[in-house]
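Here is a short briefing on the structure below. Read it with the model open.

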Amino acid sequence: MTSTAVPAAASAGPAGTPPARPARARYPFTTFAVAFGLVGLAGVWTRATPALGLPRAVPQVFWAVAAIAWVWLLVAHAVRGARSEQQLISHLRHPVQGPIASLAPVVAMLLANDLSTWSPVAGRILFFLALATSAVFAAWILASWLEGRLGLDAVHGGYVLPTVAPGLIGADVAHSLGYAGLAWGLFAIGGFFSVVLTPIIVHRLGFHGPLPQALLPTTAILLAPPPVAGLAWFTLHGFAADPIGQGIAGVGVLVLLVQLMMVPRYVRVPFSLGFWSFTFPLAASVSLTEKWLQLLAPAGWRIGTAVLAVAFTGFIAVIAAFSLRPLVRRLRARRHNEPSSQKNLPSGIVTN
């Protein structure tokens, strides 16, 4: 998704003076999809590590990268927000950007789960802070939707994020931290809103015209609920091939096939940071597949696990490379515009 925030118009200055520079808009909340995809990658390697006999340090590298990205995004949003004339509340109320703000605390939940393996107290503190933030935000945004001012055309796949994501992901983490009752409550919340919101989103996508190209990648978010629910179910109910787990897996396979049929449409969309919307849903699908491979243990399942982990890592690397292209272009342009007399000087030396 690309940013939908519109910078404030430049104000006219006194006669004969150039207009004032327009106020900076806030960064779009869609940038948190980067951290969301990176924690998904860390989860893929966490689940692959026992099967492949890898040292614990391997997934921890990915968790560290995800944590750095999450902190960096929080700081960048805070700094940019302090310099922007756009109010945070209006940004949160934006029909496209608002729901995606929920990714910030959801990523924190997943980071808290890993942090708890190093420091249980710190992990629990981070989890409950993230859970409280998610709960308040979910209640607030649901109440704002119930005001009746939201048009159906504004709805996209990201509308499952404020409720379904913290519910199902929070259930998995809560149970891992030892809060079984809370986990079942969160699982019920995630399941309920998945059943309520998914038909609304499908109805909008099917009967109210195509999404704008920039929002088309959000359709991939609909892939996430079944595998995330499946992972949570294994954590809460036990690692066994029971009818509920099999049913969730069946729904996940169908949704994945739908997404595969949409690939020709996705490839026609110009690249933007919105392509990170593909990463976590696919990571959840890979993670659940790894769990089923471990459970069923078919011939060559360890090789299959390795192939899935490496392939998904390659996919993330491609998305990251395309995301960094604008930065590389700016650096090259800046280098090209430097005076020739300064290009050959040692780094850090600038002439007057």
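**An aromatic cluster and its setting**

Tyr 266, Phe 271, Phe 275, Phe 278 and Phe 322 are linked into a cluster by ring pairs. Rings of Phe, Tyr and Trp (its six-membered ring) pair if their centres lie within 6.5 Å; planes under 30 degrees apart count as stacked, over 60 as edge-to-face and the rest as tilted. This is a predicted model, in which local features need pLDDT of at least 70 and side-chain atom pairs count only at pLDDT 80 or more, while totals for chains, interfaces and linings use all residues. Residues are numbered from 1 along each chain as its sequence is written, and side-chain values use heavy atoms, with hydrogens and water left out.

**Overall make-up**

- The protein chain has 13 helices and zero strands. Both are DSSP runs numbered from the N terminus (helices H or I, at least four residues; strands E, at least two).
- Along the sequence, the pattern of the protein chain reads α-α-α-α-α-α-α-α-α-α-α-α-α.
- Of the 352 residues in the protein chain, 45% are buried. Buried means under 20% relative accessible area, exposed means over 50%, and partly exposed is in between (1.4 Å probe, protein chains only).
- Among contacts in the protein chain with a separation of 6 or more, 77% are between residues 24 or more positions apart. Contact means heavy atoms within 4.5 Å.

**Aromatic pairs**

- The ring rule gives a count of 17 aromatic pairs.
- One of them joins Trp 184 and Trp 233, edge-to-face, at 5.8 Å centre to centre with 85° between the planes.
- This pair links distant parts of the chain: Trp 184 is in helix H7 (residues 180–207), Trp 233 is in helix H8, and they are 49 residues apart.
- Trp 184 is partly exposed, at 37% relative accessibility. Trp 233 is buried, with a relative accessible area of 10%.
- The ring centres of Phe 271 and Phe 322 are 5.4 Å apart and the planes are at 40°, so this pair is tilted.
- Phe 271 sits in the loop between helix H10 (263–266) and helix H11 (279–296), and Phe 322 sits in helix H12 (residues 301–337), so the pair ties together parts 51 residues apart in sequence.
- Phe 271 is partly exposed, with 27% relative accessible area. Phe 322 is also partly exposed, with 35%.

**Helix H8 against helix H9**

- Helix H8 (residues 225–237) and helix H9 (residues 243–261) pack at about 160°, and their axes are 8 Å apart. Axes are lines fitted to C-alpha atoms, for helices over the stretch in contact, and angles run from 0 to 180 degrees between N-to-C directions.
- H8 and H9 are therefore roughly antiparallel. The classes are under 35 degrees for roughly parallel, over 145 for roughly antiparallel, 65 to 115 for roughly perpendicular and oblique for the rest.
- The crossing of H8 and H9 is left-handed. That means the near helix is turned anticlockwise from the far one by less than a right angle; clockwise would be right-handed.
- On the H8 side, Pro 226, Ala 229, Gly 230 and Trp 233 meet Ile 244, Gly 245, Ile 248, Val 251, Gly 252 and Val 255 of H9.
- The residues of this H8 and H9 contact divide into seven nonpolar, three polar and no charged. Here Ala, Val, Leu, Ile, Met, Phe, Trp, Tyr, Cys and Pro count as nonpolar, Asp, Glu, Lys and Arg as charged, and the others, Gly among them, as polar.

**Helix H5 against helix H7**

- The axes of helix H5 (residues 120–145) and H7 come within 14 Å and cross at roughly 30°.
- The crossing of H5 and H7 is left-handed.
- Phe 127, Phe 128, Leu 131 and Leu 142 of H5 meet Leu 182, Leu 186 and Phe 193 of H7.
- The residues of this contact are seven nonpolar, no polar and no charged.

**Loop residues**

- Ser 116 lies in the loop between helix H4 (103–115) and H5. Ser 116 is buried, with a relative accessible area of 14%.
- Neighbours within four places in sequence aside, Ser 116 contacts Gly 123 and Leu 177.
- Leu 273 is in the loop between H10 and H11. Leu 273 is partly exposed, at 32% relative accessible area.
- The C-alpha atoms of Leu 273 and Phe 32 are separated by 9.7 Å, although the two are 241 residues apart along the chain.
- Ala 297 is in the loop between H11 and H12. Its phi is near 50°, a positive value in a residue other than glycine.
- Ala 297 is partly exposed, with 42% relative accessible area.
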